[in-house]
Amino acid sequence: KLSGHSSMLCGTGVQPNKSIRENALIILITAIGYLIIQGPAFKYALTATSASTTARVALDEHWWSLGGLIFSSLAFCWYLRLMVKQSHPSNAAVVSSIINKKVLEELDSGRTAGTPLSSIIGPMISSAQARMSRAVASEFIEDSRGREGQPPALDDALLGTDKEMLSSMILPFFDRYAQGDDNISKDELKLLLADLKEDPNGVEWWMKRMDVDRSGFIEKGEFLGAMLNYVLHKVAQPAEDEEVEVAEYAEESASAAPDDDEELPEVAAFSTPEEYQSHIKRRAFRLMALGTALILLFSDPMVDVMSNVGERVGVPSFYVAFVLAPLASNASELIASLNYAAKKTKKTITISLAALEGAACMNNTFCLAIFMGLVFFKRLAWKFCAETLAILFIELAVALIAAQPTQRTWTAFVAIALFPVSICLVAGLEAVGLD
């Protein structure tokens, strides 16, 4: 519900993130491919179709179709690159939120009673440290030695994304021990030391090292720096009888995972974020290969069915395909978008709209490249002026809607109306003589 409005049409809506507005611009840019082939085709838009005319049109459009093929192919590669960049978060964004929730759930449940904090996140810090230059790490250690009353600043030796991830995992422990305050007192520090398997009687020594500003309390920044350094040293030089292990969360049922992460595999099965990302990519390629195989298997029979339906009901097969083909070819985007939109969060509505915009961009690039390839290599004539104008009009309208930071409820009815409007637009353009 939007503030300042009482009506349902103007007072309710969604506010997706800026990627939706960026995708709207991508739709318009990739639609240029239609103009490359349609430009020379306008010359014959009102010419009656005949064998000689078709041959002449095919000849005039031959090299233009090659230009459209090249542009669409390059636009497809550019679009994929943008989507990878747009949707590829840092390892912190991929892993930390999931692991962080599971760590706290395990600690709160008591199933990890006695497990030191270093054994939960220590291996991750060690992995980050291993990717750093040993010379740089040694320099930080040497520079920090001998600083009395202050822990060495080894957290500065971590890579930016690793430090972000580790910080997001450590900070919830601050809230756990601060018990509602903005700082940790000496008594609360004893609880932390007990969980870390350190001697609580040494609380004075620990307070001196962690309380950098000598306020008598440990603030969040001091806690973060001190704990990063503590775990780094514990991992680098574990005690002889101490084993550093990763906490096990594999027994966590899939149903306990948050709704937003329901499509992700269990993180606990992977030792590093890179291995996790690699698994997701392999699974994505397997699913795309399966989808491509299904399309190749059913596309020809579906075209025959639509042509037959048109002949039986006395309606041009184009209009039958115009209504039925999108429901079949874009069914996955439709179902996924509805499922995500039903969760009614900013994140899920963004995913929902992005899936629909992605379908439009794929039509403008990958699908159009196939059409341009057929026109060029088969020396066919592109005589779809009415359909092309309808596509460009609808995509412009959709882009204008998607470009709005706040999409109110009334815009949903406009978007729904675009489907029948496109059919009427094609029919009207053909009625005035356009091919």
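Author: Happy to! Please keep in mind that this is a predicted model. Let's start with a pair: H3 and H15 are roughly parallel to each other, because the angle between them falls under the 35 degrees that counts as roughly parallel. That angle is about 30 degrees, and the two axes lie 9 Å apart. On the H3 side, which covers residues 32–41, the contact is made by Gly-33, Tyr-34 and Ile-37. Their partners in H15 are Asn-363, Asn-364, Leu-368 and Met-372. Sorted by class, this contact has 4 nonpolar and 3 polar residues, with no charged ones.

An α-helix has 3.6 residues a turn, so residues three or four places apart point the same way.

Now look at H15 itself, which runs over residues 346–377. With 32 residues at 1.5 Å each, H15 should span 46 Å, and its end C-alpha atoms are 45 Å apart, so the two values agree. Even so, H15 has a bend of about 35 degrees, located at Met-362. Just past the end of H15 you can find Arg-379, whose phi is positive, at about 55 degrees.

H15 has another partner to explore: H2, made of residues 18–30. Here the packing angle is about 10 degrees, again with axes 9 Å apart. H2 is therefore roughly parallel to H15. From H2, the residues that meet H15 are Ser-19, Ile-20, Asn-23, Ala-24, Ile-26, Ile-27 and Thr-30. Across from them, H15 contributes Thr-350, Leu-353, Ala-354, Glu-357, Ala-360, Cys-361, Asn-364 and Thr-365. The H2 contact divides into 8 nonpolar, 6 polar and 1 charged residues.

The crossing of H16 and H17 is right-handed, and their contact holds 15 nonpolar, 2 polar and 2 charged residues. Among the residues that meet there are Phe-393 and Ile-394 from H16, with Leu-418 and Val-421 from H17.

Key: Residues numbered from 1 in each chain as written. Predicted model: local features only at pLDDT ≥ 70, side-chain atom pairs only at ≥ 80, totals over all residues. Heavy atoms only, no water. Left-handed = near helix turned anticlockwise from the far one by under 90°. Helix = DSSP H or I, 4+ residues; strand = E, 2+ residues; numbered from the N terminus. Contact = heavy atoms within 4.5 Å. Nonpolar A, V, L, I, M, F, W, Y, C, P; charged D, E, K, R; others polar. Expected span 1.5 Å × (residues − 1). Bend = angle between axes of the 7 residues up to and from the residue. Axes fitted to C-alpha atoms, helices over the stretch in contact; angles between N-to-C directions. Parallel < 35°, antiparallel > 145°, perpendicular 65-115°, else oblique.
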